[in-house]
Amino acid sequence: MRLSELSEHSGVSTATIKYYLREQLLPQGRRITATRSEYDASHLRRLRLIRALIQVGKVPVATVREVLAAVDDESLGRTNRLGAALWALPRGPEADPDAPATQAAGKLVEELLTELGWDFARTNGALSPAYRSLVAPLARLLELGYPVTVAELLPYARQMASVAGHDFDALEKLPDDAERAETAVSAAILREPVLLALRRVAQEEESARRYGV
């Protein structure tokens with residue numbers, strides 16, 4: 001498709017597409033003439049991802065470039081490629097590693113991962129932003145005096161393992177690793193709020209079932 005058609009199908013203005021091309025967020029099209037290039041479905045998919053990152057996730061352009069570099073890095077194995085792309089996404093504030101609550105939360109996470117048998121997560125430990133993102137809210141709970149136990153967290157973790165399995169069943173239906181990585185990143189921005197909202201709706205339904213209206 002021509003640039004104008006790519007703009008029409010994506011809902012992104014031609015000026016913005018040209019900006020993404022200059023910033024190397026969007027791969028160049030196939031050159032047809034000296035002044036004309038052709039674009040395909042991969043460009044349309046990449047534009048959707050860029051829009052999700054910038055417009056919904058409010059991710060800075062420099063960080064988007066870092067995320068997309070990981071998405072496109074064919075030298076990485078599948079797990080590392082997905083991990084690098086997701087690790088590059090912005091995260092909330094991290095807990096002070098020297099604070100007693102953070103250390104207690106870290107110990108709690110270690111015990112939880114051991115109980116679950118999640119050895120890869122334990123090996124990565126604090127190197128993983130996902131691990132640190134779990135420690136931080138647990139540290140805040142403990143700091144404010146709210147008790148948290150492994151037994152309390154286990155059912156949630158096991159449900160999340162089921163969700164993760166569903167996620168990867170869907171990813172494996174995609175044709176290549178680049179599209180899998182793109183989809184995983186877009187899901188982190190667009191679908192995680194859906195999971196939270198579904199939990200809230202389910203809680204409303206469960207309350208009505210147990211207690212009436």
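**Helices and salt bridges**

At 16% relative accessibility, Glu179 counts as buried, where buried means under 20% relative accessible area, exposed over 50%, and partly exposed in between, with a 1.4 Å probe and protein chains only. The model is a predicted one, in which local features need pLDDT of at least 70 and side-chain atom pairs count only at pLDDT 80 or more, while totals for chains, interfaces and linings use all residues. Residues are numbered from 1 along each chain as its sequence is written, and side-chain values use heavy atoms, with hydrogens and water left out.

The side chain of Glu179 meets that of Arg45 in a salt bridge, at 3.5 Å from N to O; the term stands for a side-chain nitrogen of Lys or Arg within 4 Å of a carboxyl oxygen of Asp or Glu. Because Glu179 lies in helix H10 (residues 177-190) and Arg45 in helix H3 (residues 41-56), the pair ties together parts that are 134 residues apart in sequence. Helices (H or I, at least four residues) and strands (E, at least two) are DSSP runs, numbered from the N terminus. Arg45, at 23% relative accessibility, counts as partly exposed.

An α-helix has 3.6 residues a turn, so residues three or four places apart point the same way. Arg180 counts as buried, at 10% relative accessibility. Salt bridges that share partners join Arg45, Arg46, Asp72, Glu179 and Glu182 into one network.

Another of the 12 salt bridges in the structure is formed by Glu23 and Arg65, whose closest N and O atoms are 2.5 Å apart. This pair links distant parts of the chain, with Glu23 in the loop between helix H2 (14-22) and strand E1 (30-33) and Arg65 in helix H4 (residues 61-71), 42 residues apart. Glu23 is partly exposed, with a relative accessible area of 26%, and Arg65 is partly exposed as well, at 31%.

Which residues of helix H1 are buried? In H1 (residues 3-10) they are Leu3, Leu6, Ser7 and Ser10. These residues cover an arc of only 100° around the axis, which puts them on the same side of H1; the arc is that of the directions from the helix axis to the C-beta atoms. On the other side of H1, Glu8 and His9 are exposed. The cover over the buried residues of H1 includes H2 and H3. Gly11, which follows H1, has a positive phi, near 80°.

For the chain as a whole, the secondary structure comes to 11 helices and two strands, and the elements run α-α-β-β-α-α-α-α-α-α-α-α-α from the N terminus on. The C-alpha trace spans about 65 × 45 × 30 Å along its principal axes. Of the 213 residues in the chain, 32% are buried. Among contacts (heavy atoms within 4.5 Å) with a separation of 6 or more, 61% are accounted for by residues 24 or more positions apart. The chain has 27 positive and 29 negative side chains, and the centres of the two sets lie 6 Å apart; Lys and Arg count as positive and Asp and Glu as negative, while His and the chain ends are not counted.

How values were computed. The place of a charge is taken as NZ of Lys, CZ of Arg, CG of Asp or CD of Glu.
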